[in-house]
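Please look over the sequence and the structure below before reading the briefing that follows. The notes are grouped by topic, so that each point can be checked in the view as you go.

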Amino acid sequence: MMESNADSRNDQPVFAAELFPYRSLGRKGFKVLLGVSGAICFMYGMFFIVTGAWPIGFFFGLDFLLLYGAFWLNYRSGRVREEVTVSRTDVSVRKFSPSGRMIEHHFNPFWTRFLVRRHQEIGILSMHIFGEGRRTDVGSFLNPDDRESFAKAFKRALATVKQRI
């Protein structure tokens, strides 16, 4: 009985993070932007159609559709996320694609290495977790400040787990 309590304690996460890309324009802002740009495109499109330059009017409609398509793709890519957990027995990285497909990577925390590539002016360029012949990138979509804070916290968690032998 005592051993199962120790096992459950070892499985408790020391570190858990959910990473997702930052989007500066929220849903309300997106609707306002589309409403304003749609009204402007419609107004100018109608002006050109009425004055006889109908091909130009249709291009305003095409502009609006391209703007909508670009934002739709941007918000779809914003659904990507990663869940990173560190426990005494496991380092787990779960990656979710925009379609919802999940890929999971597991590493032994005692063999896990965390590689951070830095540029002197830019900061962190990439972060990789590797061990036992396997490797995965993590947080590639994060902004520079979030990369720094994640790298610091993840390194600290790995060090904490490796210290408690």
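This is a predicted model: local features need pLDDT of at least 70, side-chain atom pairs count only at pLDDT 80 or more; totals for chains, interfaces and linings use all residues.

Strands β6 (residues 123-131) and β7 (residues 134-137) run antiparallel and are joined by four bridges.

**The hairpin**
- Gly131 has Arg134 in β7 as its bridge partner.
- Two residues stand between the strands of the β6 and β7 hairpin, and within this hairpin Glu132 takes a positive phi near 55°.

**The open sheet**
- Four strands make up an open sheet in the order β1-β2-β3-β4, and their pairing is antiparallel.
- The edge strands of this sheet, each pairing on one side only, are β1 (13-19) and β4 (102-107), and neighbouring strands are turned against each other by 10° on average, with direction ignored.
- In general, the strands of a sheet pair through backbone hydrogen bonds, and this pairing can be parallel or antiparallel.
- Strand β3 (residues 91-96) runs antiparallel to β4 and is joined to β4 by six bridges, while Phe96 stands opposite Met102 in β4.
- Helix α4 (residues 144-163) lies across β1, β2 (81-87) and β3, and runs at about 160° to β1.

**Salt bridges**
- Side chains of opposite charge can pair when their charged atoms come close.
- The whole structure holds six salt bridges, and a network of them links Glu18, Arg81, Glu83 and Arg94.
- Another salt bridge joins Asp137 and Lys95, whose closest N and O atoms are 2.6 Å apart; Asp137 lies in strand β7 and Lys95 in strand β3, so the pair ties together parts that are 42 residues apart in sequence.
- Asp137 counts as partly exposed at 27% relative accessibility, whereas Lys95, at 16%, counts as buried.

**A nonpolar patch**
- On the surface, Val32, Val36, Ile40, Met43 and Tyr44 form a nonpolar patch, which together has about 470 Å² of accessible area.
- Val36, one of the residues in this patch, is found in helix α2 (residues 27-50) and is partly exposed, with a relative accessible area of 47%.

Conventions. Residues are numbered from 1 along each chain as its sequence is written. Side-chain values use heavy atoms; hydrogens and water are left out. Patches are made of residues with over 30% relative accessible area and no salt bridge: like charges are joined within 9 Å, nonpolar side chains (Val, Leu, Ile, Met, Phe, Trp, Tyr) within 5 Å. Accessible areas come from the Shrake-Rupley method with a 1.4 Å probe; for residues, only the protein chains shown count as cover. A salt bridge is a side-chain nitrogen of Lys or Arg within 4 Å of a carboxyl oxygen of Asp or Glu. Buried means under 20% relative accessible area, exposed over 50%, partly exposed in between (1.4 Å probe, protein chains only). Two strands pair if DSSP finds at least two bridges between them. Axes are lines fitted to C-alpha atoms, for helices over the stretch in contact, and angles run from 0 to 180 degrees between N-to-C directions. Contact means heavy atoms within 4.5 Å.
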